[in-house]
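Please read each point alongside the coordinates.

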Amino acid sequence: MKQSHQTTLRAAVTLVGIGVHSGDEVKMILHPAEVNHGIAFLRTGLPGGLDRLIDARHLAVTATELCTVIGDRETGAVATIEHLMAALTGLGIDNVLVEIDGPEVPILDGSSAPFIDAIDQVGIAVQNAARRYLKVLKPVRVTQGKAFAELLPNERAFRLDVEIDFPTPVIGRQRKAVDLSPSVFRREISRARTFGFMRDVEKLWSAGFALGASLDNTVAIGDDGIMNPEGLRYGDEFVRHKLLDAVGDLSLAGLPLLGTYRSYCGGHRLNFSVLEALFSSRSNYAIVDAVPRREPGYAEVSSAAMTAFAPEIH
């Protein structure tokens, strides 16, 4: 695949499952899309037979409690988009229309792996248009108590450096850093599952969350250890899943990022907030075109950046 060009799917592919929070069954179809389309969700099944098109951009985010939600309840929303968005971004897919007939992306096994399996069934098509990147020009940082998230300039890659620190020996302090690429995402990140604490279950249920959660789609943490019979997929699966979430949330920049993302005890709220900080000034970023290097299958950005602008990044 030439990373200097935009990509889409070779054909449509369908997934069916339940939402981890809503518990509702949903059908989702990933459709190929034309160049410069980006990722957008077509929310169907709304009252009155209406449909709503929602761009997967940071300005469409309306909630970040336990998951990332775009759109709104009154006119149509889609929740828990981060694992799908991570799969698309991780594989370097630029243009897809996501048709979905319910309020939440299916959780499947709690990771991005089932989405990758579905995409592999149809394959990825290279399109006849240059890929554009969002290049971080200045450091931006947001904090929430001891937690922080920041974006820093990086000329050559999208690097993620994520650290978590939970006051339980089951998780403790974990850190993982990667330069994102399709092979790295598949191998190091994609299979990491969402996780939660058994002690929080009743409180989440009463608040309308985790109604579809089970040991089939969530790593459950009890007082003495992991409740899932199969154990963990990675020794540090918890931080890898936080890294997966960050890939999905930061994809709401609207273009692939060139920069370094760092976080400590971060989550959906901080991931969203750091994008808000990035777009708060046009001097923080630029849009650049990719140009191929001599090595096959690799691309770097041109040094001549386009004028940074805000209207298309929303």
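1. Arginine 175 is partly exposed, with a relative accessible area of 49%; on this scale, buried means under 20%, exposed over 50%, and partly exposed in between (1.4 Å probe, protein chains only). Arginine 175 forms a salt bridge with aspartate 161, and the closest N and O atoms are 2.6 Å apart. A salt bridge here is a side-chain nitrogen of Lys or Arg within 4 Å of a carboxyl oxygen of Asp or Glu. Arginine 175 belongs to strand β15 (residues 173-179) and aspartate 161 to strand β14 (residues 158-165), so the pair ties together parts 14 residues apart in sequence. Aspartate 161, at 10% relative accessibility, counts as buried.

2. This is a predicted model, in which local features need pLDDT of at least 70 and side-chain atom pairs count only at pLDDT 80 or more, whereas totals for chains, interfaces and linings use all residues. Residues are numbered from 1 along each chain as its sequence is written, and side-chain values use heavy atoms, with hydrogens and water left out.

3. The structure holds 16 salt bridges. One of them joins arginine 186 to aspartate 120, with the closest N and O atoms 2.8 Å apart. This pair links distant parts of the chain, 66 residues apart: arginine 186 lies in helix α3 (residues 182-189) and aspartate 120 in helix α2. Helices (H or I, at least four residues) and strands (E, at least two) are DSSP runs, numbered from the N terminus. Both ends are partly exposed, arginine 186 at 35% and aspartate 120 at 41%.

4. Glutamate 188 forms a salt bridge with arginine 187, the closest N and O atoms being 3.1 Å apart. Glutamate 188 is buried at 19%, whereas arginine 187 is exposed at 51%. Through shared partners, salt bridges join Lys176, Arg187, Glu188, Asp236 and Arg240 into one network.

5. Strands β3 (residues 25-32) and β9 (residues 96-100) run antiparallel and are joined by 5 bridges; isoleucine 29 has glutamate 99 in β9 as its bridge partner.

Terms used:
Two strands pair if DSSP finds at least two bridges between them.
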